[in-house]
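Hi everyone, thanks for making time for this. I'd like to walk you through one structure, so let me put it up on the screen.

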Amino acid sequence: MRGLQLHELRNKVPMRTHSLPCFIGLSALLSTLLAATSAAAADVTVGGPNGEYATLQEAVDALEPLLSTTTDLQRIRIVHDNIAKPGATFTVPANGSLTISGGWNEDFSATTGGKSSLTFAASAPRVLHPTVESGATLILRDLQVVGASGDVNAVAMFLSAEGGETTLQRVSVASCQGTAEAVVRVATSNDANVSFDDVAFQNNTVSTTAPSASVTGAALKINHNSSGLVSLYAVRAIS
């Protein structure tokens, strides 16, 4: 009796199969999600014959929309030779993440063990002027600022750390000439943490308010006003 009822039920209510359309729909959804995930993290290159951008400023401008909308790591890799007009002013917004690394070979397949030299651009008051907001992360690695000269404080770099984590690793500053107190200035606030790891200063000079006076070796000034830490590891002056 039960078998007859089941047979009759199958005859009255034909079975419909939706597995194939559902599978296709799920695959399309997964593909969309994967595409969105991969598009959120960028890796762009600067300089040399194969770089996507000619200058560091162009590269950070291109990544600005991603830095503002995702927490995924954004990377900028710079070829080992000099970069024309490298002056870059940029912000790593709240919860954004950016790594700028130098010393790459011309096809960006490997690092050379050296640094990328950022030369001074007359159109920019400083070679580097990054601002790091709350919860953001900035790493500057294997870079060298050389020959910056101008009538401005912190002519090589002015780091405004308003929060988050900032690391300078294997960075050197050489033969820069500025005014006021130092060629590199760091200003911290809120809960910012800043770390200097293997950073070298060589032959830098700043002019003072006294007529024709200058101070050699005035490399770094730190205005620490945050609840976080400023850590200095292997920071040295080379004569």
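Let's begin with β7, residues 137–146, and β9, residues 165–174: each of these strands supplies at least two residues to the lining of the largest cavity. Please keep in mind that we are looking at a predicted model.

So what lines that cavity? The lining is made up of L128, L140, L143, V145, M157, L168, V171, V173 and V184. How much space lies in the largest cavity? It holds about 60 Å³. And when the whole structure is searched, one cavity of 30 Å³ or more turns up.

Now over to the sheet. We have five strands in an open sheet, ordered β3-β6-β8-β11-β15, and the pairing is parallel. At the edges sit β3, residues 88–92, and β15, residues 220–226, each of which pairs on one side only. From one strand to the next, the twist averages 5°.

Let me zoom in on one pair. Strand β6, residues 128–132, runs parallel to β8, residues 157–161, and three bridges join the two. If you'd like a spot to look at, find T131, which stands opposite S160 in β8.

Which strands does helix α3 lie across? Helix α3, residues 56–69, lies across β3 and β6, and it runs at about 20° to β3.

That's my tour, and I'm happy to take questions.

How values were computed. Residues are numbered from 1 along each chain as its sequence is written. This is a predicted model: local features need pLDDT of at least 70, side-chain atom pairs count only at pLDDT 80 or more; totals for chains, interfaces and linings use all residues. Side-chain values use heavy atoms; hydrogens and water are left out. Two strands pair if DSSP finds at least two bridges between them. Helices (H or I, at least four residues) and strands (E, at least two) are DSSP runs, numbered from the N terminus. Axes are lines fitted to C-alpha atoms, for helices over the stretch in contact, and angles run from 0 to 180 degrees between N-to-C directions. Contact means heavy atoms within 4.5 Å. On a 1 Å grid over the protein atoms alone, a cavity is a set of points where a 1.4 Å probe fits but cannot get out, and a pocket is an open set with protein on both sides within 12 Å along at least five of seven lines; lining residues have an atom within 4 Å of a point. Grid points are joined across faces, edges and corners, and a volume is the space filled by probe spheres set on the points.
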